[in-house]
Amino acid sequence: MRLLTHNMLSSNIKGVTNGFPLRIEVEKVVEKSVDFNPDFLKNMLAKIEYKALVEASRIMGYAELPDHAEPSMLESDDFLRKFHHALMELHLEEGTLVCPQTGRKFPVNKGVPNMLLHEDEV
Amino acid sequence: MKLKQLEGLLGSLEQFYNPKIELEQYPTGSHIASRMLYTAENSFGDVTNKVVADFGCGCGTLGIAAALLGAQHVVGLDIDAESLEIASENADELELDMEFVQCDIRNLRWEGQIIDTVVMNPPFGTRRKGADMDFLCVALKVASEAVYSLHKTTTREHVRRTALRDCHASSAEVLCELRYDVPHLYKFHKKKEVDIAVDLWRFVPKKNQ
């Protein structure tokens, strides 16, 4: 699961109002190279929750992303490459996603998060 | 990539070993899948460089087609772990980078407007009534640009009405009618295979919901 996907996932337990972002517990991180696509990245910066991405990338062991992003930083190749690496190339292969409100753990195995709910959570 | 080449690659994918009838697991044939994604990209520009989600991805055929046509990020969603295993293997076989999430579409909570396009071959609702429209309603909430979906031609007016009235579609267009050849997969299937007329739909969500 790369961080772009993590940036879209929210806790889906009934009654949870504060389910995003899911907190990451790392067991195994894998890096997979992806072609650098600056146009795509510029488009994404406006759409994602940047703060959630920064926090998640740090937990995954990558500390290069600046705390805040300004649109002007999109002109910087250096920033774009770091953004690219954090968003697209870091994968949580094994670990857990934790609901920030309830603490409920959603396992991630072989890179696939399991968001299936138990009957009483629906 | 040419249509024939896409169709060939999709035809080489592994399909369900042990299809589960209660989930209406049927493979999306390479003929339909290739035409669906090819049209989405060539007529509408909804695939290349976009973020695409495949709802009820099964063995991953539609998502893989999107990846082959240059989608930047593809996520396949399915409730069944076994299918996701097969889908992962299929993606690996073709050296494609595709993400998967195991979840129930009905209680999916998706943050933001990151997904551009949803592609799907949803259950037709023969086992769980209304399953097809459940999928469509969630897809229209999640997609920011377009939803491509297959529905039986016999349900055309029902689909159009429900999409526009209940699922917040701003438009609903049948792009073409296709023949879906359903192979003899389940014990209750009497014939060796059967041709079902299906519509390929393109729905556009209402913005700013």
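In this predicted model, A:Asp78 and A:Lys82 meet through their side chains in a salt bridge, with N to O at 3.1 Å. Both residues sit in helix H4 of chain A, which covers residues 77-89. They are 4 residues apart, about one turn of the helix. This bridge therefore lies within the 4 Å limit set for nitrogen and oxygen.

A second bridge in chain A joins A:Glu121 and A:Arg104, at 2.9 Å from N to O. This pair links distant parts of the chain, 17 residues apart. A:Glu121 lies in the segment after strand S4 (112-113) of chain A. A:Arg104 lies in the loop between strand S2 (90-98) and strand S3 (105-109) of that chain. A:Glu121 is buried, and A:Arg104 is buried too.

B:Asp134 pairs with B:Arg128, and their closest N and O atoms are 3.0 Å apart. Is B:Asp134 buried or partly exposed? B:Asp134 has a relative accessible area of 29%, so it counts as partly exposed. B:Arg128 is also partly exposed, because its relative accessibility is 31%. Elsewhere in chain B, salt bridges link B:Lys4, B:Glu7 and B:Arg35 in a network. Over all chains, a search of the whole structure finds 20 salt bridges.

Now to the interface. Across the contact of chain B and chain A, the rule finds 3 salt bridges. One of them joins B:Asp116 and A:Lys47, whose side chains meet at 3.3 Å, N to O. On the side of chain B that touches chain A, the elements giving two or more residues are strand S2 (73-78), helix H4 (81-93) and strand S3 (99-102) of chain B. Which element gives the most to that side? Strand S3 of chain B does, with 4 residues. By class, this side of chain B has 10 nonpolar, 6 polar and 7 charged residues.

The contact takes 31 residues from chain A and 23 residues from chain B. The area buried between the two chains is about 2,400 Å². Carbon and sulfur atoms give 53% of that area.

A:Ser10 is found in chain A, in the loop between helix H1 (3-6) and strand S1 (23-31). Its relative accessible area is 4%, so A:Ser10 is buried. Leaving aside residues up to four places away in sequence, A:Ser10 touches A:Gly19, A:Phe20, A:Leu22, A:Met115, B:Arg109 and B:Glu111.

A:Pro71 is another loop residue. Its place is between helix H3 (50-59) and H4 of chain A. A:Pro71 has a relative accessible area of 61%, so it counts as exposed.

Cysteines come next. How many disulfides does the structure hold? Over all chains, it holds 1 disulfide. B:Cys137 and B:Cys167 form this bond, with their sulfur atoms 2.0 Å apart. The bond links distant parts of the chain, 30 residues apart. B:Cys137 is in helix H5 (residues 131-142) of chain B. B:Cys167 is in the loop between helix H6 (156-165) and strand S6 (169-183) of chain B. The torsion about the S-S bond is about -65°, so the disulfide is left-handed. B:Cys167 counts as buried because its relative accessibility is 2%.

A:Cys99 is buried, with a relative accessible area of 1%. B:Cys103 is in no disulfide either. The nearest cysteine sulfur to B:Cys103 belongs to B:Cys57, at 9.0 Å.

Note on methods. Residues numbered from 1 in each chain as written. Chains lettered and ligands numbered in written order. Predicted model: local features only at pLDDT ≥ 70, side-chain atom pairs only at ≥ 80, totals over all residues. Heavy atoms only, no water. Disulfide = S-S within 2.5 Å. Buried < 20%, exposed > 50% of the residue type's maximum accessible area, 1.4 Å probe, protein only. Contact = heavy atoms within 4.5 Å. Buried area = accessible area lost by both parts, 1.4 Å probe. Nonpolar A, V, L, I, M, F, W, Y, C, P; charged D, E, K, R; others polar.
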